[in-house]
Structures are given as structure tokens and as C-alpha cells.
Amino acid sequence: KREAVGSKKAIESITGKPVYTFCFPYGGFNDYTRDILRDAGYKAGFVTMPRDNSIALDPYRLKRVKIASGPLGSLDFRIKTSGYYMWFKAHRWTKKK
């Protein structure tokens, strides 16, 4: 709780602008951490799990995609933001009949 509230206040102090979103470290979250964010004034949170990105489901569980740095960083970005990557990731374990 201290980190979520403290980082929000620090960023707002530095930028002079309100902070409304939070990226869960390594995408990890649970209902308790979601409640902490809501109580701290965040309006949304981002996770790294494949899921439907409908804000109607839960604005504190919006999907995000990790983009790696390095020599393939721009290719990684293009692939992962194309839409196909998330479809493939969500369906890779589906057995064909």
C-alpha cells in the first residue's frame, strides 16, 4: 500500500499532473492490490495476462504486453502490437480436433 500511494504522490509532485493508472510489477495482482489502487485514487491498472481487454470487466485488470529492449526491440514491438500476438498467446494451448 505504501509503495502504490507513495509512488503516485511522488510522480504527481514531480509532474504537477494527476496519476490515474498503475502497471502491476511483473503483471502480478490480486483483489487486495486492486482495492489498494482504487482507494489510492487510481482509475485503472495493467496486468500481463492474456484476457479480454474490455474495461467493463474490470478497469484494474487491463492487459498489457511486455516489449523487450535490445536488437530485436522494434520487431518485438511490431509483432506484439499487431493483434496477432495476443490472439496466438491466448490460443496456443488450444488443441485442434
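N30 caps the N-terminal end of helix α2, with a side-chain oxygen 3.0 Å from the backbone nitrogen of Y32. The model is a predicted one: local features need pLDDT of at least 70, side-chain atom pairs count only at pLDDT 80 or more, and totals for chains, interfaces and linings use all residues. Residues are numbered from 1 along each chain as its sequence is written, and side-chain values use heavy atoms, with hydrogens and water left out.

The protein has 4 helices and 3 strands. Helices (H or I, at least four residues) and strands (E, at least two) are DSSP runs, numbered from the N terminus. Their order from the N terminus is α-β-α-β-β-α-α. Of the 97 residues, 23% are buried. Buried means under 20% relative accessible area, exposed means over 50%, and partly exposed lies in between (1.4 Å probe, protein chains only). The accessible surface of the protein is about 7500 Å², and carbon and sulfur atoms account for 60% of that surface. Accessible areas come from the Shrake-Rupley method with a 1.4 Å probe; for residues, only the protein chains shown count as cover. Contacts were also sorted by sequence separation, a contact being heavy atoms within 4.5 Å. Among those between residues at least 6 apart in sequence, 29% join residues at least 24 apart.

Helix α2 spans residues 31-40. R34, I36 and L37 are buried in α2. They cover an arc of only 155° around the axis, so they sit on the same side of α2. The arc is that of the directions from the helix axis to the C-beta atoms. Y32 and D39 are exposed on the other side of α2. The buried residues of α2 pack against α1 and against β1 (21-23). Just after α2, G41 has a positive phi of about 105°.

Salt bridges were then counted. A salt bridge is a side-chain nitrogen of Lys or Arg within 4 Å of a carboxyl oxygen of Asp or Glu. The count comes to 7. One of them links D35 and R38, whose closest N and O atoms are 2.4 Å apart. D35 and R38 are 3 residues apart in α2, which means that about one helical turn separates them. An α-helix has 3.6 residues a turn, so residues three or four places apart point the same way. D35 is partly exposed at 27% relative accessible area. R38 also counts as partly exposed, because its relative accessibility is 42%. Salt bridges that share partners join D31, R34, D35, R38, D58 and R61 into one network.

R61 is in the loop between β2 (44-47) and β3 (62-63). D58 lies in the loop between β2 and β3 as well. R61 and D58 form a salt bridge, with their closest N and O atoms 3.4 Å apart. R61 counts as buried because its relative accessibility is 19%. D58 is buried too, with a relative accessible area of 12%. The side chains of R61 and D31 are joined by a polar contact of 2.2 Å. A polar contact of 3.3 Å joins the side chains of D58 and R34.

The closest N and O atoms of E12 and K8 are 2.6 Å apart. E12 counts as partly exposed at 22% relative accessibility. K8 is buried, with a relative accessible area of 11%.

In helix α3 (residues 73-80), the buried residues are G73, D76 and K80. Seen down the axis of α3, they fall within an arc of 60°, so they line one face of the helix. L75 is also found in α3. L75 is partly exposed, with a relative accessible area of 37%. L72, L75 and I79 make a nonpolar surface patch of about 270 Å². Patches are made of residues with over 30% relative accessible area and no salt bridge: like charges are joined within 9 Å, and nonpolar side chains (Val, Leu, Ile, Met, Phe, Trp, Tyr) within 5 Å.

Definitions and conventions
Polar contact = N/O pair within 3.5 Å; in protein donor to acceptor, adjacent residues only side chain to side chain.
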